[in-house]
Amino acid sequence: GDDLLSSLENPALCDVTLVGSDGGRIHAIRSILAARSRVLERMLVGPFREANQEDVAMDFPAAVLKALVHFCCTDDFDPDMTRLGNNPLEQVRNGVKLCEAAHYYQLEKLGKKAGGVLVHWGRTLLQKEPAHDYVICAGFDESVEVPSLRGVYGALGALIRQRCDRCLLSPGCDLHGVTFLRSNTLWLLVNDPCLAGNASSLFKAVKLWAEMDPDDAVENIPPERRTAIAKRCVSKIHLRLIPPALLVGDVMKSGLVTADVVISALSKQAQGGALYVTGAGTAEINGMYEQTFLIPDLPEGIDAVFQRSGKLDGEEVTFAVVCYSSVQRWYILAFREGSGRVNFDESSSFRKFYWACRVNRPGGLDGLVKTLKWDKFGHGKAPNPCIHIGPAMASVETVIPSRRKRPRETAIYNLPTSWR
C-alpha cells in the first residue's frame with residue numbers, strides 16, 4: 001500500500017490524471033482503479049473515450065478524488081477530515097461528496113467508512129465549545145437530495161434533532177447553520193415531528209433565514225419569494241410552545257405571522273396545552289413543556305403530564321412535569337432515556353429516574369402557581385427546583401395593529417388559565 005501511494009507521487013509511474021471539478025489534478029494508475037471499481041473499469045479501459053485520454057475530467061473535487069485513489073491503493077480511508085479541505089465547511093461538503101462518489105463508483109466499503117467518519121466528526125464538533133456547529137447543517141443540506149446518501153442524511157439529521165439550537169443558530173459562531181440550508185431542506189426540518197418541541201429555535205432560525213443577505217445565501221431566491229417561503233415554514237411551527245415574551249416580541253414583530261395567529265397561540269397556552277417552568281436551580285429544566293396524551297396506561301391519579309427533551313449532566317433525557325390532582329402534588333422528573341416520550345411502565349426508566357422533586361400546590365390554577373416549598377427526594381440542585389410553574393399564559397400586554405383605520409391600539413388580554 002505504501003509503495004503504491006509513493007508511486008503516485010511520481011508522474012512517470014502513472015498513466016492517467018484525474019482532473020477534478022475544481023481544476024485540481026490527481027495522478028493515478030489506470031489498472032489499479034479499474035481493478036477496484038467496475039464503473040472505473042468501463043470508463044478507463046472500456047469502450048468510452050476516457051480510455052484513450054491521459055487527462056480524464058471528473059465530476060468531483062480534487063480532494064475527493066485523492067481520497068478515492070488513496071482507498072483504491074490501500075483499501076483504507078484516512079479519517080483525518082482536514083485532508084478533505086482547508087476549512088470545516090469545505091471538509092464537510094467534500095466528505096458528503098466522497099460518500100456520493102463512493103456510491104457512484106460502486107466502492108461500498110469506502111462509502112461506509114467515509115460516512116461513519118463524517119458523522120463521528122460532526123458528533124465530536126457538538127461535544128466541544130461552539131465554533132463550527134454550522135457545518136452540520138451544511139452537510140445535511142448537501143446530502144438531503146442525493147438518494148444514495150440516506151444513511152448520511154439520516155445521521156446528520158439526528159444530530160440536528162439532538163442539538164437543534166446549536167446546529168441551526170450556531171451561538172458563538174460567526175456563521176449560522178440555517179443560512180446554509182436551501183428552502184426545500186428548511187421545509188423538511190420545520191415539518192420534522194421530532195423537532196416540534198424546539199419551536200423557539202425553529203422560529204428564530206426561519207426568521208434568520210428570511211432576513212439573510214441574498215449574497216450569502218446558498219440558493220438564489222428573490223427577497224419576496226424568500227419571505228413567502230419563511231411564512232409558510234412558520235405556519236408549520238407549533239407557536240404555542242414558544243414562551244409568551246418571545247411571542248409578543250420577536251414573533252409579533254417579525255412580519256411572518258399575523259397578530260391573530262399570535263393571540264391564538266397565547267390562548268392555546270392558557271388552555272393547558274403548554275406549561276412554562278422558570279427560575280429553576282437546576283437550570284436545564286427551565287423552558288416550555290408540551291402536554292402529552294400519548295402515554296399508555298397512565299397511572300391512576302395523574303391529572304396531566306407535560307414533557308420536553310433536553311440534556312442533564314451530559315446525558316440525553318426527557319424532562320416531565322407531572323400533576324397528581326388526587327394528592328395535589330407536582331413532580332418534576334428526569335427520565336434517563338431521552339426517547340422523547342414519557343413511559344410510566346414499571347420496567348421503564350421511570351423506576352430509575354435520578355432527579356425528582358415535589359410540592360403541594362394551592363387549590364386551582366389561577367395565575368402562576370407558586371412552588372417555593374419543594375421536598376427534595378433525588379439529586380435536584382439548590383436552590384429550589386423552580387420559583388414558578390404554571391400555565392404559560394396569564395396576562396399579556398402588547399401593542400397590535402388595529403383592524404380598523406385607527407393607527408394602533410393597546411390591548412391587554414386576560415386569557416383563561418384553566419386546564420383542559
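In helix H5, the residues Pro88, Leu89, Gln91, Val92, Asn94, Gly95, Val96, Leu98, Cys99, Ala101 and Ala102 are buried (under 20% relative accessible area, with a 1.4 Å probe and protein chains only). Helices are DSSP runs of H or I with at least four residues, strands are runs of E with at least two, and both are numbered from the N terminus. The model is predicted, so local features need pLDDT of at least 70 and side-chain atom pairs pLDDT 80 or more, while totals for chains, interfaces and linings use all residues. Residues are numbered from 1 along each chain as its sequence is written, and side-chain values use heavy atoms, without hydrogens and water.

The cover over the buried residues of H5 includes helices H4 (62-74), H6 (108-127), H7 (135-143) and H8 (150-162). H5 itself comprises 17 residues (88-104) and should span 24 Å at 1.5 Å a residue, which agrees with the 24 Å between its end C-alpha atoms; the expected span is 1.5 Å times one less than the number of residues. At the start of H5, a side-chain oxygen of Asn87 comes to within 3.1 Å of the backbone nitrogen of Leu89. Just after H5, Gln106 has a positive phi of about 60°.

Two of the covering helices, H6 and H8, pack at an angle of about 10° with their axes 10 Å apart. H6 and H8 are therefore roughly parallel (angles under 35 degrees). Their contact (heavy atoms within 4.5 Å) is made by Gly115, Leu118, Val119, Gly122, Arg123 and Leu126 of H6 and by Val152, Ala155 and Leu159 of H8.

The chain as a whole has 14 helices and 14 strands. Of its 420 residues, 49% count as buried.

Methods: Buried < 20%, exposed > 50% of the residue type's maximum accessible area, 1.4 Å probe, protein only. Polar contact = N/O pair within 3.5 Å; in protein donor to acceptor, adjacent residues only side chain to side chain. Axes fitted to C-alpha atoms, helices over the stretch in contact; angles between N-to-C directions. Parallel < 35°, antiparallel > 145°, perpendicular 65-115°, else oblique.
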